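Here is a short briefing on one structure.

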Amino acid sequence: MRRFAPAFLRTTTFRVTMLSAALLAASSVVILTFVYFASVGLSLSRTDTAIEEEIDTVNARFADGGIQAVNRYILQRSVGGSEFLYLLVHPSGRRISGNLSGLPDATEDQEGRVEFQYMRPPAGQEESEKDERLARGRIAPLPSDYEIFVGMDVEDEDRLIGGMLRAVLAASALALALGIASGIFISRRFSRRLEDINAVARAVESGDLRKRAPRNHTGDELDELSANFNSMLNRIEELLARMKNVGDSIAHDLRSPLTRMRNRLDEALREDGDLQSREASLNQAISDADELLGVFNAILSISRLEAGERRRSLVPLDPSLIVEDLCELYEPVCEDSNLQFDAENEAGITIVGDRGLLSQALANLLDNAVKYTPTGGAITLRLRTCASGDVELSVTDTGPGIPESDRMRATQRFVRLDQSRTKPGSGLGLSLVKAIADIHGAILELSDGPGFMDGHGPGLRAALVFPKNKQST
């Protein structure tokens, strides 16, 4: 069934606000009702106490001077403008004295008290202009079967209490009305902000990835949601652009080895070729196939790392053992390439990581250093604890380095700064290192190396930095 109510009336914010307003109104009613009944009880208690004290006074007068003393007291009090109402009744039922014409025609409660209406002229008015007022009193017996009625005018107190009751109801209604008004205001404002986010989501769904959710930079929940939503969209846009670049790079980088493989296989099939040339062509084709498999394996490894498949294999380990193994492996390689190889290996360090992945990352960095460092240059493999407490695994060389403007791009897949493709490679080495760093919670830092050396430089420092709070479990 289609709903015709405004959208903001169906929001959770409106419902929560209404619930809060209802609770506020209910609590106001409870509190004000308690105040009302407490005031009523206090007023009645004060009146009843005053009546009882006056009855005690009348009894004391009777004990001192009999019915004549009581009659004189009542006449004096009635004429003198006392706040009390009196009626002295003879045993026969005849009225003797007092400012009431007769006993109240009302039902007594369990304690003998009655509430009744009586006529009294307003202050400053003629006797003929009387109004009806509320009073409260009690009939008390006197010796010799006489009776005395003592009461008090409670009209003013009743009006005050009635005003309090109306104030209770008005305050409760006002609290509920303000709650509804604030609920509508807050819900409409909340709904507008949510609708802005939903509009962006619908635009993105239709294919427009340039849209971003508006922010008011107040730091509230919706502002934080918009910030996270925008970050997600930035990430999606970046991944889509990267996928496009990956597709273009695969088509560009794999076309050459596939073409070479086809030509060599075609050459091997020629009838005029000798057996030795055919075997050489087939061996070259196998080498090209191995190169292609290496590229695809690297892509698969990066995808698995980015999916977090190896995260469970992270355990506390000593990275100095990895550095020792790599020194034994690459020192002869550097010597054959006429490169100086040095190592700084600090012992007693523990990090959480995967030995195989860290070895692969450092091996990739060392391969790049060997590949791009000119003859006579130097390479340094370093493990150290920084002054901040972070642990650094780095490879430093004296090669051409990477310009600062290209360092972020260099870690993307298939990005090769060597545009001429004069060096072998697929542009996946630093991407793999970046993925390994991410899975370890480490930071891949690319910066200038030691500076110019023999006309070459400024060199490159590629470091895996493990923050202090992520080095051990």
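Which residues does aspartate 223 touch, leaving aside those up to four places away in sequence? They are Arg193, Arg215, Asn216, His217 and Thr218. The model is predicted.

**Aspartate 223**
- Aspartate 223 sits in helix α3, which spans residues 221–268.
- Its relative accessible area is 3%, so aspartate 223 is buried.
- Its side chain makes a polar contact with the side chain of arginine 215, at 3.0 Å.

**Cysteines**
- The disulfide count is zero.
- The closest cysteine sulfur to that of cysteine 327 belongs to cysteine 334 and lies 9.7 Å away, too far for a bond.
- A disulfide needs the two sulfur atoms within 2.5 Å.
- Cysteine 334 is therefore in no disulfide either, as its nearest cysteine sulfur is that of cysteine 327, 9.7 Å away.
- Cysteine 327 counts as buried because its relative accessibility is 14%.
- Cysteine 334 also counts as buried, at 1% relative accessibility.

**Nonpolar cores**
- The largest nonpolar core has 41 residues.
- Within it, Ile379, Leu381 and Leu464 touch the most other members.
- Elements that each supply at least two residues of this core include α5 (319–336), β9 (378–385), β10 (391–397) and β12 (460–466).
- The largest share, nine residues, comes from α6.
- Leucine 381 has contacts beyond four places in sequence, among them Val323, Leu326, Cys327, Leu362, Leu366 and Val395.
- A second, separate core has 18 residues, including Phe62, Ile67, Ile74 and Leu142.

How values were computed
Residues numbered from 1 in each chain as written. Predicted model: local features only at pLDDT ≥ 70, side-chain atom pairs only at ≥ 80, totals over all residues. Heavy atoms only, no water. Buried < 20%, exposed > 50% of the residue type's maximum accessible area, 1.4 Å probe, protein only. Helix = DSSP H or I, 4+ residues; strand = E, 2+ residues; numbered from the N terminus. Polar contact = N/O pair within 3.5 Å; in protein donor to acceptor, adjacent residues only side chain to side chain. Contact = heavy atoms within 4.5 Å. Core = buried A, V, L, I, M, F, W, Y, C linked by side-chain atoms within 4.5 Å.
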